[in-house]
Amino acid sequence: MNSLWRALLPRPCPGCGESLGREIGLCQACRAELRPRPERHSMLSNAAVPHLLVLGQHKGKLRRAARELKYGGHRDLALVLGQALASGVPAEWGIQAVSAVPMHPARLRQRTFNHAELLARSVADTLKVPYVEGLRRTRDTVQQARLSGTARLGNLSGAFAVGSGLRQPLLLVDDVMTTGATLKACRDALQAGGVEAIYYAVLTR
């Protein structure tokens with residue numbers, strides 16, 4: 001019945017604007033363009049080894065889809081995009097759990113959902129490993145998008161603390177990586193809590 005309603009109600013694809021028809025999240029054409037790739041170079045690792053999984057550059061269809069997930073309330077996108085991310089996780093990483101960049105409770109009440117958590121849960125389900133609340137936000141911060149690169153690092157200093165249920169190797173998921181300040185702050189908190197084997201996955205960079 002749900003697929004029938006999807007076919008009858010005209011809904012544009014968040015990526016390209018064409019009709020979704022019976023599809024969930026993204027149309028088949030946009031899904032076919034999702035090609036996750038492991039990257040070796042970022043501020044998150046001093047070694048030039050694969051440690052960061054990225055679906056694509058922050059532009060075009062993928063940028064629109066990421067924005068619709070975060071601001072437009074298109075939760076169906078988390079399922080599709082999370083599955084796409086999971087398909088690119090290298091087996092040699094040996095991921096034992098998946099976690100997400102947490103949102104401060106005050107902001108979560110405003111947004112009603114954490115888009116990074118929805119993505120991470122989809123990745124975990126696809127990989128058949130547990131989703132864990134590995135981090136918690138200890139204080140609210142100014143939105144990173146409003147700050148310069150240098151200010152972003154200071155804005156997040158001490159903003160995260162270790163949560164519960166941690167396992168290693170851990171895959172940490174967020175939607176967009178710009179300067180890497182958010183993921184770096186999360187990494188620092190996890191390492192302070194004894195987690196050393198950390199990998200990362202984002203939609204765009």
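Tutor: A salt bridge here is a side-chain nitrogen of Lys or Arg within 4 Å of a carboxyl oxygen of Asp or Glu. Keep in mind that this is a predicted model.

Student: Thanks! Which residues are linked in a network of salt bridges?

Tutor: That would be R37, E39 and R205. The side chain of E39 pairs with R37 at 2.9 Å, N to O, and with R205 at 2.4 Å, N to O.

Student: Where do E39 and R205 sit in the chain?

Tutor: E39 is in strand β1 (residues 37–39), and R205 is in the segment after β7. They are 166 residues apart, so this pair links distant parts of the chain.

Student: And E39, is that buried or exposed?

Tutor: E39 counts as buried because its relative accessibility is 13%, and buried means under 20%. R37, at 33%, counts as partly exposed, and R205 also counts as partly exposed, at 32%.

Student: How many salt bridges does the structure hold?

Tutor: There are 8. One of them joins K184 and D188, at 3.3 Å from N to O. Both residues lie in helix α8 (residues 181–192), 4 residues apart, about one turn of the helix.

Student: Switching topic: what about the largest nonpolar core?

Tutor: It has 36 residues, and L26, L81, V98 and L171 touch the most other members.

Student: Which element gives the most to this core?

Tutor: Helix α4 does, with 7 residues.

Student: What is L26 in contact with?

Tutor: Setting aside neighbours within four places in sequence, the contacts of L26 include P14, R31, L34, A65 and L81. Apart from this core lies another, of 23 residues, among them L44, V195, I198 and V202.

Notes:
Residues are numbered from 1 along each chain as its sequence is written. This is a predicted model: local features need pLDDT of at least 70, side-chain atom pairs count only at pLDDT 80 or more; totals for chains, interfaces and linings use all residues. Side-chain values use heavy atoms; hydrogens and water are left out. A nonpolar core is a set of buried Ala, Val, Leu, Ile, Met, Phe, Trp, Tyr and Cys residues joined through side-chain atoms within 4.5 Å. Buried means under 20% relative accessible area, exposed over 50%, partly exposed in between (1.4 Å probe, protein chains only). Helices (H or I, at least four residues) and strands (E, at least two) are DSSP runs, numbered from the N terminus. Contact means heavy atoms within 4.5 Å.
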